[in-house]
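This report describes how two chains meet and how one residue is placed. Please keep the structure in view while reading.

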Amino acid sequence: MFAHCADPSALGGLNWLLCYLTSGKHLLFYYSFGTVLVLLAVTAPVALGMGFLGAMAARAHNRALSLVGKAYMLMVRGIPDIIFFMFFVIALDQGLETVAHHLRCPDWTEPIRTALEFKVCPEAKIPPNSAPQYVHQIYGFALAVVTFAIVFGAFAANVLYGAMNAVPRAQLETAEAYGLSPRQVFRRILVPQMWVYALPGLSNLWLILIKATPLLFLLGVNDIVYWAQELGGSKTDSYAYPHGDWRLWYFLFLLAFYLAFTRVSEVVLGRLTARLSRGQATMAGEAMRKAGA
Amino acid sequence: MTCMETLSAYAFRSIGLGERMLPKANITLCEQFTLIGSGLIWNIYYGALALFAGFFLANALALAKAAQNPWLRKPAEWFIFTFRGSPLFIQFFLAYQVFVLLPKGGVELGGITVHTDWLTKAWAGALVVLFLNTAAYSAEIFYGALRSVPKGDIEAADAYGITGFARFRRILWPTMLRLGWPAYTNEAIFLFHATTLVFFSSFPAFRQQGDALYYAAYFADKTYNPFIPYPIVGFYFICLTLLLTWAFNSVNRRLNRHLPSNQRARIRLRPQLIR
């Protein structure tokens, strides 16, 4: 990055460290923090949306729809989330390729799935074999995002379903007495009030989501854990910056990153809770009213 | 091989007994069920031991966090924050790196050589991490429960002249356990779920002796078919969850046995504790 870094072997002390920490691979390492943030920024709203749909489905009067919603919510309770991560990534990939296979090669006669392999015609490969490396990476990342959204949507559905049930029944009955239709009750009374009940659960979920991001490594994305492994491993003299096994320091750095991230989130969520409790018919809202009066 | 033969060959494969070679071709459903079930031994081993040992440390930590003395309170707070605030995954990696760096020949302590190489093995190293992790999570639960012990209970104890350790043992502690138990049940369930991370973080699976998810991933890799092995693991874990809920429920009933039935705490599964 800097001009004087051209010959690392001639450097020493702080200069060496500065050049080391700004080497090309380290820049990729710093970008991978961006990957994690992008994952969080994309997954959180999508998961919240899926959770909202799930909770709505579970509350529906339609029996079948309600069962679907409840099954989605139950999914994460008994089974470790990591199994879903492992499962969905392969299952989604194979599902997409199967669909593409039927669309693009209708006259292919060999079976797709045999005892030992999963084989679709070359045209149905997603992404195509000839695609450049970065397309494969983006595809892998997209699969990871969808998987995260499905799994965390189920968690969010649990939280939102509980929150919808926590809104005092009297509030809804009053609205009904005023002649509001079920749809209006849902949109104008239930949804605005449920957030304060959902917030403790959603804050928790956000913290869980932050802590689940290293799983990207298991899904084959070059995330911060991958780069910490890669950069920390001992480098022989054939490398520009030879050093011993520094993985411990890299992981300590990751630990500090996660702790700081968690701490900042906790503070922000605490403020948000205070903001949403204002004027609510809950204990926190009542305490704020008294303090203000 | 018939299914009975498979069972005898692979039922204890995960702890190194029976057939050495894993099935490679013509993998049957029975083989998948047996091997994944055999891997479950490890999940139960980690979960049960970490939970048992963690319970005691969690009680101590909860008390330390509730203590007036900052020398007790601050370390407990930091311990709990570190383990609750960072991903278990990173904790595994970090612990493994620390254990690897320990001297190979062991540490000389007052003339006695303490061997440390066993810590780099999953059975001990991962257990230590899980133990500390669950202790931190449970300590936070017990601390919250300790803070919500009704004031009246303590005043009543004071009025009866019960003080000091007797007050803790007979009034505070049982009430704390009773109040914290539903949340602690969830912690236990998600601890068992977290044991699946062991062989996916840094601790290597020695001679292909892994946990349930390790074998499931092995089969998914060999057959390119995720639709059989992963649901099998899911099935096993649902059974495990049901068993745990039942066991913790019976403890819960005992803790609540003096209360009228409408005041008893119910255990509800809340997926809010994954690491």
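## A pair of helices across the interface

In this predicted model, helix α9 (residues 247-277) of chain A packs against helix α4 (residues 88-101) of chain B, their axes coming within 9 Å and crossing at roughly 150°. Because angles over 145 degrees count as roughly antiparallel, α9(A) and α4(B) are roughly antiparallel to each other. The crossing of α9(A) and α4(B) is left-handed.

On the side of α9(A), the contact is made by A:Arg247, A:Leu248, A:Phe251, A:Leu252, A:Leu254, A:Leu255 and A:Tyr258. The residues supplied by α4(B) are B:Ile90, B:Phe93, B:Leu94, B:Gln97, B:Val98 and B:Leu101.

## The contact between the chains

The contact between the two chains takes 36 residues from chain A and 36 residues from chain B. On the side of chain B that touches chain A, at least two residues each come from α3 (70-85), α4, α8 (212-223) and α9 (229-255) of chain B. The largest share of that side, seven residues, is supplied by α4(B). What classes do the residues of the side of chain B that touches chain A divide into? There are 23 nonpolar, twelve polar and one charged.

## The position of A:Gly78

A:Gly78 lies in helix α3 (residues 63-78) of chain A. Is A:Gly78 buried or partly exposed? A residue is buried if 20 or more other C-beta atoms lie within 10 Å of its own; A:Gly78 has 19 C-beta neighbours inside 10 Å and therefore counts as partly exposed.

Leaving aside residues up to four places away in sequence, A:Gly78 touches B:Phe237, B:Ile238 and B:Thr241. Within chain A, the C-alpha atoms of A:Gly78 and A:Phe217 are separated by 24 Å, and these residues are 139 residues apart along the chain.

## Confidence in the model

The model scores ipTM 0.82 and pTM 0.85. Chain A has an average pLDDT of 82, with 92% of its residues scoring at least 70. In chain A, confidence is highest in helix α6 (residues 169-177), at a mean of 90, and lowest in helix α10 (residues 283-292), at 72.

For chain B, the average pLDDT is 85, and 94% of the residues score at least 70. Among the elements of chain B, α3(B) has the highest mean pLDDT (92), while strand β1 (residues 107-109) has the lowest (70).

Notes:
Residues numbered from 1 in each chain as written. Chains lettered and ligands numbered in written order. Predicted model: local features only at pLDDT ≥ 70, side-chain atom pairs only at ≥ 80, totals over all residues. Axes fitted to C-alpha atoms, helices over the stretch in contact; angles between N-to-C directions. Helix = DSSP H or I, 4+ residues; strand = E, 2+ residues; numbered from the N terminus. Parallel < 35°, antiparallel > 145°, perpendicular 65-115°, else oblique. Left-handed = near helix turned anticlockwise from the far one by under 90°. Contact = placed C-beta atoms within 7 Å. Nonpolar A, V, L, I, M, F, W, Y, C, P; charged D, E, K, R; others polar. pLDDT = per-residue confidence, 0-100. Buried ≥ 20, exposed ≤ 12 C-beta atoms within 10 Å, placed from the backbone.
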